[in-house]
Every structure is written in structure tokens, then in C-alpha cells.
Amino acid sequence: GLETDRCEQNTPHCTPHGPMVTPHTFVMNTLTTVIIIRGDKKNKNEKAGLALQAFVNKNKVVISLGIMCPVINWDRKLKRVIYTPKGELKRELVKQWNDIIIRTIDRANDLRYHYDMTNIVMTPDMFRKDMREDSRTHHFLSFIEKLIPNLALRWSKGTINNYNVTLRKLKEFAPELRYGDLNETFLIKFEHYLKGKGLGINTIWKHHKDLRHFINEAIKTGVRITNPYEHYSLIKAKGKRAWLTNEEVIRLRDLMLSGKLHPSHDKVIKYFLFSCFTGLRMSDVQKIRFDDIIDGQLVFIPVKTKRYQKIVKVPLNETALWLVGSGTGNIFDTFAEQVTNRYLKEIASIAGIKKSVSFHVSRHTFAMRFLERGGKIEVLKEILGHSDIGTTMEYVHELNQEAKIQIMYLDN
């Protein structure tokens with residue numbers, strides 16, 4: 001049998017789901033488990049049922065395992081089914097039954113751990129009910145599965161898609177991930193697994209960032225774990241941003257005006273250029289409507305930061321207004337971002353632009369051209385909808401670096 005208890009300690013406020021728990025006090029669950037054979041109920045074939053006998057906070061609970069075991073094959077000392085050469089049980093069946101016994105004991109202790117982590121007093125009825133339910137009910141992955149739909153109310157579709165990808169990676173790596181597994185060793189192994197899948201440094205960084213968020217959300221609900229990221233450094237490669245020069249933007253505009261593009265290319269280049277003059281993200285270009293234009297300004301709440309409900313106002317110059325035109329409903333008829341990026345690479349090739357062009361390049365292009373023309377960093381921060389000036393300052397650093405390179409050319 002296994003017995004575990006927890007001492008009372010100070011704890012932050014929790015959300016109880018069972019009997020009332022005094023705030024700032026950890027619950028104290030005790031659990032003793034043992035597998036028994038119900039010899040008093042054996043049948044005429046000398047077989048008896050195996051059961052889990054548990055004492056849940058000193059209350060006895062007996063749960064059948066659904067196994068009728070020959071009494072002769074039960075070892076009362078080891079609490080396991082044993083193989084006998086002359087018996088009717090085959091070795092494979094003995095192994096299967098012992099696996100069930102081990103999983104049952106593990107399941108019982110997982111439940112006790114879950115109740116302790118979530119500050120819930122475990123009752124016999126709750127224990128009995130949860131032992132019969134899906135064994136993953138109280139696993140960390142189950143928590144994430146329930147969390148993501150709630151986060152969809154606050155986060156953009158792209159962010160939710162990223163969360164689901166991270167959840168899928170966690171399921172592949174640790175399908176039975178429990179709260180108690182979340183430590184620095186797990187993070188190291190998870191990162192090693194992702195590297196083995198051929199993922200790059202920044203993609204791995206994104207998965208770590210998502211996992212850290214999931215853990216913090218669990219802690220907010222009262223789960224008593226320490227976030228392993230407190231002492232775990234995340235590595236992110238700082239890549240050089242790509243943007244288009246003024247000459248390259250003009251080249252794209254002239255290509256659009258030439259009338260030689262395929263209709264799909266023509267559609268994409270139009271809203272790409274619009275973002276070159278406004279700095280909008282793809283998710284916002286897909287949503288903006290004609291009635292969002294008020295007194296020559298585009299007034300909207302960015303999709304990515306909609307949880308903050310911060311209104312962004314972007315003045316539209318003549319070129320931007322020309323690209324918009326007039327109408328009702330959505331301003332642009334857009335493709336999905338993946339399709340858009342594929343077409344942009346084709347358009348760049350036609351225009352003779354030897355850069356890897358994705359839609360986000362248009363946002364970088366706007367920022368760099370804005371600063372090159374003397375725009376203020378504080379104004380750029382507001383237009384781009386950044387919450388942190390440090391994010392906007394990265395464009396200044398890029399511009400300064402480019403200036404150094406240009407000055408070096410004077411030596412030639």
C-alpha cells in the first residue's frame with residue numbers, strides 16, 4: 001500500500017471545487033491504497049474479484065477492477081497476480097492484469113496529487129467518481145484543452161492557432177503530462193525533443209512562451225506548483241528584419257499599374273502596398289471596413305491586442321486612400337496569410353526584388369520609411385499599436401545599423 005499526506009502551510013488564495021477550505025491554508029489529504037482479492041466472495045470455480053481498497057482521508061472505499069482471478073494465482077504478500085505452470089492463466093494475461101493493478105495504483109495517487117495541487121479536500125464520492133472517469137481528466141494537458149477555448153475570447157485567431165500547435169507538440173512528447181512533471185528537467189527534455197524535430201531556435205522559443213503562459217494560467221486557478229521558467233532562460237535568435245526600399249516600393253506600384261499581373265497577384269499586391277503605407281498587420285487588413293475610415297483616418301482596435309481594447313488611429317495619405325478606393329463592407333478581399341505569402345514571393349520575383357518577402361515585410365517597410373523621413377518614435381509606437389516602446393525602438397537600432405553600413409561604403 002501507499003500512504004501520502006501533506007502538512008498545512010501558508011498558500012495564496014485558491015478556487016475550491018470541493019468542500020470549503022479556509023483561505024491561505026493548504027488542504028491535508030491522506031490516501032492509503034492496496035489491491036485486495038475478495039476471497040469471501042469467490043465463486044464455485046475458486047475465482048474472486050480483485051479490487052482497489054483505499055482509505056480516503058480515513059474513509060474506506062472499495063472499487064472493483066473488473067477482474068475475476070483464480071485464488072491460487074493471487075500472491076497476498078506481493079499483491080500481484082502470479083503465473084503457475086499448471087494454472088489456467090497464460091503469461092500474457094498475468095502481465096495484462098498486473099499492468100492494470102499498477103495503473104490503478106498510479107491513477108489513485110495521481111488523483112491525490114491533483115487534489116493537493118488544486119487545494120481541494122478529497123471525499124470518498126469524488127475519489128470513486130474520478131477513478132472511473134478518463135484517466136487524463138486531471139492531467140495538465142486536459143487543463144490546457146479547456147483553457148484554450150476560453151483564451152479565444154481574448155486573443156487573436158493566430159495566437160490561438162499557435163497555442164493549439166504547442167498543445168499538439170506537448171501531446172506528442174508527453175501524452176500523460178501531469179502537474180508534478182513540470183520542472184526544469186522537463187523543459188530541457190522538451191526543448192531537446194523540439195530540436196530533434198528540426199525546429200529552429202525562434203520556433204522553439206514560441207513553444208516555450210506558450211507553455212509558460214499555460215503554467216501561469218494554471219497557477220492563477222490555484223494549482224500549487226512553482227513555474228519552472230522562473231530560473232530557466234529562454235533563447236531567441238535576433239534576426240535581421242527585411243524591409244523594402246523606396247525604390248522597391250515604387251517598383252511594386254508600377255507593376256500593379258502595368259495591368260500585366262494575374263488577378264490573384266493584383267489583389268495581393270494592392271493590400272500589401274496599403275500596409276507599406278499604414279503598417280497594418282495581416283490580421284487587421286483582413287478585418288478593416290470602409291466605415292472604419294473617419295475624417296481621413298483609419299480608426300480600429302487591432303486584432304492581436306484586442307484584449308486591451310486600445311483604439312489605434314492611422315492617418316491615411318493620398319496613396320493609401322487611392323489603394324482603398326470606395327465601397328461598403330470590408331475594404332480588402334484577402335487570401336489567407338499563407339496563400340498571400342506564397343503569392344508575394346512570386347510577385348517579388350516578377351518585380352526583380354531579391355528579398356524574401358512575406359506580408360509582415362510591409363509592416364517593417366512602413367516603420368523604416370517612416371523613421372527615414374524623420375518620423376518620431378513615439379508617434380510610430382502609437383500607429384503600430386505597440387504596448388512597449390522597446391519593441392518600436394528595435395526599428396531605430398536597425399536603422400542605425402544600416403546607416404553604419406552605408407557610411408562604410410564611402411571608403412570605396
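Modeller: A disulfide is a pair of cysteine sulfur atoms within 2.5 Å. This is a predicted model.

Biologist: How many disulfides does the count come to by this rule?

Modeller: The rule asks for two cysteine sulfur atoms within 2.5 Å. Applied here, the count of disulfides comes to zero.

Biologist: Is Cys 69 buried or exposed?

Modeller: Buried means under 20% relative accessible area. Cys 69 has a relative accessible area of 0%, so Cys 69 is buried.

Biologist: And Cys 276, buried or exposed?

Modeller: The cut-off is again under 20%. Cys 276 has 1% relative accessible area, so Cys 276 is buried.

Biologist: How do helices H3 and H4 run, roughly parallel or roughly antiparallel?

Modeller: H3 covers residues 140–151 and H4 covers residues 157–173. Their axes come within 10 Å and cross at roughly 170°. Angles over 145 degrees count as roughly antiparallel. Therefore H3 is, relative to H4, roughly antiparallel.

Biologist: Which classes of residue make the contact of H3 with H4?

Modeller: H3 brings residues including Leu 141, Ile 144 and Glu 145. H4 brings residues including Ile 160, Asn 164 and Lys 171. By class, the contact has two charged, one polar and eight nonpolar residues.

Biologist: How far apart are the end C-alpha atoms of H4?

Modeller: H4 has 17 residues, and at 1.5 Å a residue they should span 24 Å. The model agrees, with the end C-alpha atoms of H4 apart by 25 Å.

Biologist: What covers the buried residues of H4?

Modeller: Among the buried residues of H4 are Thr 159, Tyr 163 and Leu 167. Their cover includes H3, helix H5 (184–196) and helix H6 (201–220).

Notes
Residues are numbered from 1 along each chain as its sequence is written. This is a predicted model: local features need pLDDT of at least 70, side-chain atom pairs count only at pLDDT 80 or more; totals for chains, interfaces and linings use all residues. Side-chain values use heavy atoms; hydrogens and water are left out. Buried means under 20% relative accessible area, exposed over 50%, partly exposed in between (1.4 Å probe, protein chains only). Axes are lines fitted to C-alpha atoms, for helices over the stretch in contact, and angles run from 0 to 180 degrees between N-to-C directions. Helices (H or I, at least four residues) and strands (E, at least two) are DSSP runs, numbered from the N terminus. Angles under 35 degrees count as roughly parallel, over 145 as roughly antiparallel, 65 to 115 as roughly perpendicular and the rest as oblique. Contact means heavy atoms within 4.5 Å. Ala, Val, Leu, Ile, Met, Phe, Trp, Tyr, Cys and Pro count as nonpolar, Asp, Glu, Lys and Arg as charged, and the others, Gly among them, as polar. The expected span of a helix is 1.5 Å times one less than its number of residues.
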